[in-house]
Protein chains: 4
Amino acid sequence: MTVLTYRPAAGDYVWTFGGTAPAARVAPGTVLELFTEDCFAGRVRGTGDLVSRVIEFPFVNPQTGPFHVEGAEPGDTLAVHFVSIEPARDWAASTTVPLFGALTSTHLTATLQEPLPEVVWIWELDRGKRVCRFAARFGDFTVDLPMDPMHGTVGVAPANLEVRSALVPDAHGGNMDTPEMRAGVTCYLGVNVPGALLSLGDGHARQGEGETCGVAVECAMDTVVIVDLVKGVPCPWPRLESDTHLMTTGSARPLEDAFRIAQVELVRWLRSDLGLDVLDGYQLVSQAVEAPLANVVDTNYTSVAKIRKDWLPGGTPMGGIHEMLREQAAAYLATR
Amino acid sequence: MTVLTYRPAAGDYVWTFGGTAPAARVAPGTVLELFTEDCFAGRVRGTGDLVSRVIEFPFVNPQTGPFHVEGAEPGDTLAVHFVSIEPARDWAASTTVPLFGALTSTHLTATLQEPLPEVVWIWELDRGKRVCRFAARFGDFTVDLPMDPMHGTVGVAPANLEVRSALVPDAHGGNMDTPEMRAGVTCYLGVNVPGALLSLGDGHARQGEGETCGVAVECAMDTVVIVDLVKGVPCPWPRLESDTHLMTTGSARPLEDAFRIAQVELVRWLRSDLGLDVLDGYQLVSQAVEAPLANVVDTNYTSVAKIRKDWLPGGTPMGGIHEMLREQAAAYLATR
Amino acid sequence: MTVLTYRPAAGDYVWTFGGTAPAARVAPGTVLELFTEDCFAGRVRGTGDLVSRVIEFPFVNPQTGPFHVEGAEPGDTLAVHFVSIEPARDWAASTTVPLFGALTSTHLTATLQEPLPEVVWIWELDRGKRVCRFAARFGDFTVDLPMDPMHGTVGVAPANLEVRSALVPDAHGGNMDTPEMRAGVTCYLGVNVPGALLSLGDGHARQGEGETCGVAVECAMDTVVIVDLVKGVPCPWPRLESDTHLMTTGSARPLEDAFRIAQVELVRWLRSDLGLDVLDGYQLVSQAVEAPLANVVDTNYTSVAKIRKDWLPGGTPMGGIHEMLREQAAAYLATR
Amino acid sequence: MTVLTYRPAAGDYVWTFGGTAPAARVAPGTVLELFTEDCFAGRVRGTGDLVSRVIEFPFVNPQTGPFHVEGAEPGDTLAVHFVSIEPARDWAASTTVPLFGALTSTHLTATLQEPLPEVVWIWELDRGKRVCRFAARFGDFTVDLPMDPMHGTVGVAPANLEVRSALVPDAHGGNMDTPEMRAGVTCYLGVNVPGALLSLGDGHARQGEGETCGVAVECAMDTVVIVDLVKGVPCPWPRLESDTHLMTTGSARPLEDAFRIAQVELVRWLRSDLGLDVLDGYQLVSQAVEAPLANVVDTNYTSVAKIRKDWLPGGTPMGGIHEMLREQAAAYLATR
């Protein structure tokens, strides 16, 4: 088992998918032990650190990577198994951002109204008790919510010669902001360029579905992933697999288009890998699917379609690579 | 405890919210024991019963009601507590409908393409085992999914002098198609006309989130509700309360507008009934909310915002009527 | 030539399409000389008359009608030819309305922001010079814009047993707010109920495309129309015909759905009435169509597809009724 | 007057905005005499040349450039004045493209339906008579439409370190596909990177509003532009100025967001350059604006807001550079 440990120095972060040289070249099967900074590049540390003052665009949402996976070619699928995602600090930050978020007009949903006030919340993380503590800014209410660490941003270099900001979710993955991207899950990403060029970042100690204000409980993460390849199998939009569920994603606007993409992709996956007829799949998905929203705030909105594996015909989605990676993860964890 | 039992005769169903005389007048606190037909008016009984042949529009989605609730006036909120929702038959039906559903062009998302084929699935319901059996039409796969009965359509007469088809979800409720409308839940509906004029129907033995093909596992239901009033409290969009969660809904297009309405309504509810500041509520909801889609197929799409009560400041939403109705429901069930 | 003159008394206006008894029964071919109030029911007369103070919802956008057209049955098309549309006063009013309009959040595109200020503009109309004078409220700029009178709202009783507010545009017509609804044009509306039940109102001395703030240069009108029937020809969405153009409309959200409906309807009209193949029509429309937006503010947004008749194959759209009505209009005008 | 003539060799075209070295460095005020290939890179020459066969993605929509304009820095505005746009051949091509266009499901508006058939139309261009001849493929109808040459794609390198496909319209310009981009117009583009990096292409002999099928009357062009700079003046979204109109654009999905951007930008332009109060501008625009759709088919949809200059307060938008460039264009044309 090859293990690569990588903690970027301040100048090592990347701010895009595509367009930068690899941080490292790794063979399929490599374990990556990574540090990821929070989306503010660590600059929002107190309630006085307003994003409009401490962040200089476009240097927001730093990514750790990219990793060139040897042998990855367009038409293949990259499998990224999340072994563990652990908050690297005992606090996290969230904030309103002027003209960003679902419950305000934005630069794209433009109005003549004034922006909402800019307010920062600092969340205490109790990593022993696995909770995140919310404290109201305009009252004395506090509450502990379960910690549920995840990565908002995971992706590869885009197709069509493009380079995309790390704030964008699209067919290459990127800033999908789905709480389903947690430890134990394998994320499948279609390869667009040789080496795939995987990066990830934007850790959230937890996040609601839709990421309503546009900012989650943002924190730096110590994350371990295993990367692998499914050769010769394309993956038009990012997919996820857990021990219990198959999941597809779509990222688009309006939100119903994101929903449609994820649902069509799920019907097609059930056909290609499990042999279910398209119309039978349409019917089964209609009655069995969960549709947890990921984000309704980013450049594209992201919708997830999620179905229980034990409700599906037998088969080995993506060639059974998730089970294999689960075993490797267990082996890795046993050696720590 | 006053109990009214009402099983409509064939000609008694209504097809709209508003526009018809009440089936009965009832006092707040009345238990209604109701029969509701399926959305096909019971006409789809086998795989040969195509909707395009057996249904004559607009006679689709029959509703049981309306009930005039004495004392209900504009500005009040009607509380409808679902005591029980039980399939009235041992089968249910689903189907594709030409130019209806999320994964096809429609009369509103119009294209020049051909419609998908029209196919009917008959689901077996095992009410003892509480499962719905799916059988593929184009293969021999079968699977049992958990029964989770719900009403797709619950509403009152609309505001603005309107009469709306029972296929429409909007601020008056109607065809919201959310799986959250299950037994144990209280549904709050703002009153627009004297007597409120409550109707319900469209029972589903179960449904996926989003109701992808536009048709759930449709079946007739034996349903018991208790109706009550929250005087002097408005409810701009339908809300739901369970023992564990507060939920708000929004119905609009595009889907992000439905999402925005539900989320804004939740932030406002936390402010009005639990005293949480708007920006603090925005932050807490952003990290704590679940956003299960209801439908992405009807005239308006419906999004739900759902938050755990034990994560909220103490208080008695809607004056604590849900707890009171839970007790009445228990008393009623004890006498059966 | 039968002429009916109708000036509603204060209590005679209607506020919905459908749901009210006819004001009069008229034979096809009848000339209707009508008075229509402005959308404020005449209550906004000065800059101090804020809508939030002087209007009591839902009593906004009063309609003149409905007229039962003898012989009109579902499946027919009602033809409404606009002979003349003349401002009935020498002033008109416009205003911002809190949480209504394209450049503000609204009740449907909900945000947590404050509404824009409520401001009224009174426009002077010079009916001799055919101009509308704008005077800035926050500066001394004035400008004369050409008068181009039109009706924002024209429709019939809806299908599906519905009654719709006069603020709604949909397949039955209603509040489409297109500047194309001017004198010289014939408007085609599919008949949904016996007698069709035509109403109209919401005169605008002029309006920009999209009706950005949601309110045009609103004024009472003296309007003359001739009503007629095209028997046995359906009209799924409202269409317009001028001496030079065929036009179709679609009303839906999001706006691209309104665009799609109008464009599909135009391709289909060219096929059914002028024999152009669907794909050839798709190509010709793609290169030849104008797509003037009507409104991007109402319950549904309205898009118009407009093509020059002299670029089309020969034929008689809608049986040539527009030409016939033009001749009748000329005959009527000659007698005044 | 400095003139640069540039006719790219086959390998010289670029397929993105950003991400490539400049073809040339030019001083502000330079006249560029350019050749642009059609969007098919000249490969669709007959009705048998289906895009799915002759085009290899992503090599579609070739651009001529980029040009580094000396002195251009972020925060400045690039002015591109179109002196002339002339078809370089006596034919042009259009086509349906599988799963692309407004009247079909697409990769983003995904359904389970079959795509429409792929059909090519070859248009004859009569450059003397200034007409484009449509010939039906499935019938014998032909018609001559006025030639109205324009560029679908004009843009600079994007902000945020991005590189975008030439198929994308966004704040950097790109594939906006507006028929307003014709000779005599000045296009304003905000500068995001030193030198701006202007490219253009995608000539259309003519195009309908919305570009319904996604493909216009596509042809190679001989085009002359003059480039210049407005130092220290930002331009958040592309703007256009003709002798008679000011125009703003927005590119986003859903289409109402594109509309909102363009309209907000116009209100803001009237405030910043002509001193009109925001609410007065909102009112005047609401009654005076034209809103011709550009495209409802690309990755983002593009809406234009257009207002007559003689209806506006006096002033010199963008410092009066359009008038200056018009004089230079006249001087250039006089010397040819």
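A nonpolar core is taken here as a set of buried Ala, Val, Leu, Ile, Met, Phe, Trp, Tyr and Cys residues joined through C-beta atoms within 7 Å, where a residue is buried if 20 or more other C-beta atoms, placed from the backbone, lie within 10 Å of its own, exposed if 12 or fewer, and partly exposed in between. The model is predicted, so that local features need pLDDT of at least 70 and side-chain atom pairs count only at pLDDT 80 or more, whereas totals for chains, interfaces and linings use all residues. Residues are numbered from 1 along each chain as its sequence is written, and chains are lettered from A and ligands numbered from 1 in the order in which they are written.

The largest nonpolar core holds 438 residues, of which A:L78, B:L78, C:L78 and D:L78 touch the most other members. Beyond its neighbours within four places in sequence, C:L78 is in contact (C-beta atoms, placed from the backbone, within 7 Å) with residues including C:V69, C:V156, C:L189 and C:L229.

A:D177 is located in the loop that runs between β14 (173-174) and β15 (186-190) of chain A, the strands being DSSP runs (E, at least two residues) numbered from the N terminus. A:D177 is buried, because 29 other C-beta atoms lie within 10 Å. When residues up to four places away in sequence are not counted, A:D177 touches, among others, A:G152, A:Q207, A:E211 and A:D298, and its C-alpha atom is separated by 8.2 Å from that of A:G210, 33 residues apart along the chain.

Terms used:
Contact = placed C-beta atoms within 7 Å. Helix = DSSP H or I, 4+ residues; strand = E, 2+ residues; numbered from the N terminus.
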